[in-house]
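Hi,

Here is the structure I said I would pass along.

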Amino acid sequence: MAANFTSLEAQWIIQFKAPYVLEKHTLVISNNKIEDILPSSEAKQKYPSSNIIKLNNHALIPGLINTHNHAAMTLFRGMADDLPLMTWLNDHIWPAEGKWVQEEFVKDGTELAIAEMLLSGTTTYSDMYFFPEVSAQVIDKAGIKAQLCTPIMEFPTAWGSGPDEYIQKTKVLLEQYKNHPRISIAAGPHAPYTVSDETFNKCIQLKQDHGCQLQVHLHETQFEVDESLKQHNKRPIQRLHELGVLDQSTQCVHMTALTKEDIETISTSGAHLLHCPESNLKLASGFAPVHQAQEHGINIALGTDGAASNNDQDMLGEARSAALLAKAVSQNATALSALEALKAATLNGAKALGIDNKTGSLETGKLADIVAIDLSPLHCQPVYDPISQIIYAARADQVSNVWSEGHQLVKDKKLTSQDTENIINKARNWAEKIKETTA
């Protein structure tokens, strides 16, 4: 054949339709898309001139999708651990951001986060942080895909003077990246307690004018709900629902303090729940009722949150935590099965970001966003069900190879588009500077 094909010959290929596990199959890449998935014996005959990559004892899964992150905050990793959310924010994170966050900080922190994400199998992520125009440049160079949620709130930050400037900058970025193949821009009103009704209405207008997504921290803690009842005489979800914020293009992050009525409102609106179990656990923010939300048809996707509150960017670990926590919270051992957890980390994330027609599953015609996981280590033996092993036994360092839109960004556990040593050195330099001024 005249086309240039790459064939990934794997022990298992995971898909989200029966049969969920294809054994001894080959996935064929042509340019940036999946050309074919077929038995390996047939692939050799159909694509005789293909470049074959043998992945014995490996499972192929879709590229993981991290739907909520503050990527540059990797440079604050471990800086303010073991503190409650509002103390962590008010006394540590916000002061540190006020002192240190500028373009170079965002550039170096984003490079570090992307490197960690790629090495652990993430090919798409959503970021809400300052200087998204700088993050976009790093993303473009690294080859990963991203949704950049512009931070919008009522008070000044290093990125701007207030909501009007943030929204104007968002409009500029929406126009600049409207045709970019790997980067999209979304509105990111921070949270109900930092955003006024007027500003939320302006964000709704952005969605209507530009067709963009909207991401908001919502019901992160019971304290947030209680304060909203005092100030607005409404729960935050009720307030946002009445404003018209909630619809199928709205991504609701955390969602730990929910009543049955809250769940029904989200379900009816079509909004998505972006679940960050490890960050919620570490900050003692509460437990998202994932099983109940699923029963109401709400799309559940996963995110790591920033490394200052997690403290890693490991989506396989996040999927495991989500599956285990869903069972404990609902007291139902069948809640969020291994397959559902993997789907939450991939296809559901793509759905939340509005790109499930392009990525999130291994299907012919979709983008070649692919992760190879080596299931040969001792702690993964024996393999009865590769999906269960991936969620409950595998570790991030078993990711051996990663393709984003057909480009191999991780080869034999090494980055191909980034300088690992340089990234580590810059992170250490930032730590020294920050420690000197906080000692």
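**Pockets and a cavity**

The second largest pocket holds about 420 Å³ of space. Its lining is made up of 28 residues, and those closest to the centre are Leu 89, Trp 94, Glu 97, Phe 130 and His 190. Helix 2 (residues 85–100) supplies the largest share of that lining, seven residues. By class, the lining of this pocket splits into 17 nonpolar, eight polar and three charged residues. Keep in mind throughout that this is a predicted model.

Now for the largest pocket, with about 550 Å³ of space. It has 27 lining residues, and nearest its centre lie His 180, Ile 183, Ser 184, Ile 355 and Lys 358. Strand 7 (145–152), helix 5 (163–176) and strand 8 (183–189) are the elements that each give two or more residues to this lining. Here the class count is eleven nonpolar, ten polar and six charged.

Searching the whole structure turns up one cavity of 30 Å³ or more, and the largest cavity comes to about 40 Å³. Around it sit Ser 7, Glu 9, Thr 26, Ser 40, Ala 43, Lys 44, Tyr 47, Ser 50 and Ile 52. Two or more of these lining residues come from each of strand 1 (5–14) and helix 1 (40–46), with helix 1 giving the most, three residues. Sorted by class, the cavity lining has three nonpolar, four polar and two charged residues.

Cheers

How values were computed:
Residues are numbered from 1 along each chain as its sequence is written. This is a predicted model: local features need pLDDT of at least 70, side-chain atom pairs count only at pLDDT 80 or more; totals for chains, interfaces and linings use all residues. Side-chain values use heavy atoms; hydrogens and water are left out. On a 1 Å grid over the protein atoms alone, a cavity is a set of points where a 1.4 Å probe fits but cannot get out, and a pocket is an open set with protein on both sides within 12 Å along at least five of seven lines; lining residues have an atom within 4 Å of a point. Grid points are joined across faces, edges and corners, and a volume is the space filled by probe spheres set on the points. Helices (H or I, at least four residues) and strands (E, at least two) are DSSP runs, numbered from the N terminus. Ala, Val, Leu, Ile, Met, Phe, Trp, Tyr, Cys and Pro count as nonpolar, Asp, Glu, Lys and Arg as charged, and the others, Gly among them, as polar.
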